[in-house]
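Let's take a friendly walk through this protein, one packing contact at a time. Have the structure open beside you as you read.

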Amino acid sequence: MLEDFGARAGCAWRETDEADTDLETILQNLLSGQYAYPVRIVSFNPVEGWSRDATSDVADALARRAADTDAEISSALQDFIAANATRRFDMQLVPTFLGT
């Protein structure tokens, strides 16, 4: 997960425990605020020797989850979905407000 930490810190790849890298866990972590400003998500398997950009797949799954469960989506995740989803989902995104 490449995350944007703001103008002063910039972007950095977040380390994640190998056991917590399945799609369901990533979605839960995004929805719970573990990753606040995702930029890019890369999937890889060094044993099989491949890697690929999974950003759109995760954005699609996140949008689908929001549409199916009425999950609260932060404005940063709304921006992530808008910038990266490959399909249009009929959903009403409910913004969360941090610190209120």
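Helices (H or I, at least four residues) and strands (E, at least two) are DSSP runs, numbered from the N terminus. The model is a predicted one, in which local features need pLDDT of at least 70 and side-chain atom pairs count only at pLDDT 80 or more, while totals for chains, interfaces and linings use all residues. Residues are numbered from 1 along each chain as its sequence is written, and side-chain values use heavy atoms, with hydrogens and water left out.

The angle between α1 and α2 is about 65°, and their axes are 10 Å apart. That makes α1 roughly perpendicular to α2; the bands are under 35 degrees for roughly parallel, over 145 for roughly antiparallel, 65 to 115 for roughly perpendicular and oblique for the rest. Axes here are lines fitted to C-alpha atoms, for helices over the stretch in contact, and angles run from 0 to 180 degrees between N-to-C directions.

On the α1 side, Leu 23, Glu 24, Ile 26, Leu 27, Leu 30 and Leu 31 meet Val 58, Ala 61, Leu 62 and Arg 65 of α2. By class, this contact has eight nonpolar, no polar and two charged residues. In this classification Ala, Val, Leu, Ile, Met, Phe, Trp, Tyr, Cys and Pro are nonpolar, Asp, Glu, Lys and Arg are charged, and the others, Gly among them, are polar.

α2 and α3 pack with their axes 9 Å apart, at an angle of about 120°. That makes α2 oblique to α3, and the crossing of the two is left-handed.

Here Thr 55, Ser 56, Val 58, Ala 59, Leu 62 and Ala 63 in α2 meet Leu 77, Phe 80, Ile 81 and Asn 84 in α3. The contact of α2 with α3 has seven nonpolar, three polar and no charged residues.

## The nonpolar core

Which residues have the most contacts inside the largest nonpolar core? They are Met 1, Ile 26, Leu 30, Ile 41, Val 58, Leu 62 and Phe 80, in a core of 17 residues. α1 (23-32), α2 (55-69) and α3 (75-84) each supply at least two residues of this core, and α2 gives the most, with six residues. A nonpolar core is a set of buried Ala, Val, Leu, Ile, Met, Phe, Trp, Tyr and Cys residues joined through side-chain atoms within 4.5 Å. In soluble globular proteins, nonpolar side chains tend to be buried together.

Leaving aside its neighbours within four places in sequence, Val 58 is in contact (heavy atoms within 4.5 Å) with Leu 23, Ile 26, Leu 27, Leu 30, Ile 41 and Phe 80. In α1, the buried residues are Thr 25, Ile 26, Leu 27, Asn 29 and Leu 30, with a cover that includes β3 (38-40), α2 and α3. Buried means under 20% relative accessible area, exposed over 50% and partly exposed in between (1.4 Å probe, protein chains only).

Thr 55 is found in helix α2. At 1% relative accessibility, Thr 55 counts as buried. Beyond its neighbours within four places in sequence, Thr 55 is in contact with Val 39, Arg 40, Ile 41, Phe 80 and Asn 84. Thr 55 and Asn 84 are 29 residues apart in sequence, with their C-alpha atoms 6.7 Å apart in space.

Ser 43 lies in strand β4 (residues 42-45) and counts as partly exposed at 25% relative accessibility. Setting aside neighbours within four places in sequence, Ser 43 is in contact with Trp 50, Ser 51, Arg 52 and Ala 54. Asp 70, in the loop between α2 and α3, counts as exposed at 63% relative accessibility. Phi of Asp 70 is near 55°, a positive value in a residue other than glycine. Just after α1, Gly 33 also takes a positive phi, of about 95°.

## The overall layout

The protein has three helices and five strands, in the order β-β-α-β-β-β-α-α along the sequence. Of its 100 residues, 30% are buried. Among contacts between residues at least 6 apart in sequence, 51% join residues at least 24 apart.

Methods
A crossing is left-handed if the near helix is turned anticlockwise from the far one by less than a right angle, and right-handed if clockwise.
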